[in-house]
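Subject: Structure handover, charged side chains

Hello,

Please find the structure below. My notes on its charged residues follow.

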Amino acid sequence: AAADREVASAPLRLANGSQVGTVTFFDVANGQGVTVRARVELPTSAGARNAFHGLHIHANDDPANGSGCVADPAKPATTWFVSADGHLAEKGQAHGMHDGDFPSLLVRGDGRAYGRFATDRLRARDLVGRAVVLHALPDNFGHVPVGGKDTDYRPNSRAATDMTAKTGNAGNRIACGVIRRS
């Protein structure tokens, strides 16, 4: 079988512009998906160690929000990289099933993380111009049992449930990179 072919990549940068990683996209040899390789090295000031961090493809397609990965390190972290819009998703896809929902990365004690996985939801060439975002917290993938049972989660507001549905409650965006053809 032919090897996977690198098609696109994105440098992950913090709000101050320093590069902390790279996410590379490979077309699977049979053309039925994409292999993703992510490498990250977070400085202590950038994010938690020995912790999972959400990793997503964001749509990056609403000009009203700006373009690319825009962040001002002097502003609150809640404002960083909002130009990248929401998760890449087809109409009607629930969180946890968004095309842009990826496995969370485990950042080890030394600040390094490595992830490699494949998905048949995407093709590498279709990701050019989208943004990769690393979040401060792990993604819950929308798997929060909400209801009236003793074992169910009871949100303190509709906003809490909405945040889970949109982003998996993965927290602030701490690094971002626009995907470019390799």
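**Charge pairs**

R108 is partly exposed at 42% relative accessibility (partly exposed lies between buried, under 20% relative accessible area, and exposed, over 50%, with a 1.4 Å probe and protein chains only). The side chain of R108 meets that of D110 in a salt bridge, 3.7 Å from N to O (a side-chain nitrogen of Lys or Arg within 4 Å of a carboxyl oxygen of Asp or Glu). D110 is partly exposed as well, at 39%.

This is a predicted model: local features need pLDDT of at least 70 and side-chain atom pairs pLDDT 80 or more, while totals for chains, interfaces and linings use all residues. Residues are numbered from 1 along each chain as its sequence is written, and side-chain values use heavy atoms, without hydrogens or water.

The structure holds six salt bridges. One of them joins E41 and R112, with the closest N and O atoms 3.5 Å apart. This pair links distant parts of the chain, 71 residues apart: E41 is in strand β3 (34-41) and R112 in strand β7 (112-119) (strands are DSSP runs of E, at least two residues, numbered from the N terminus). E41 is partly exposed at 44%, and R112 at 41%.

D126 pairs with R123 at 3.2 Å between the closest N and O atoms. Salt bridges that share partners also join R5, D27 and R125 into one network.

Which charged residue is buried yet has no salt bridge? That is D99, whose nearest side chain of opposite charge, R121, is 4.7 Å away (Lys and Arg count as positive, Asp and Glu as negative; His and chain ends are not counted). D99 is in the loop between β5 (55-58) and β6 (105-107).

Regards

Note on methods: Helices (H or I, at least four residues) and strands (E, at least two) are DSSP runs, numbered from the N terminus.
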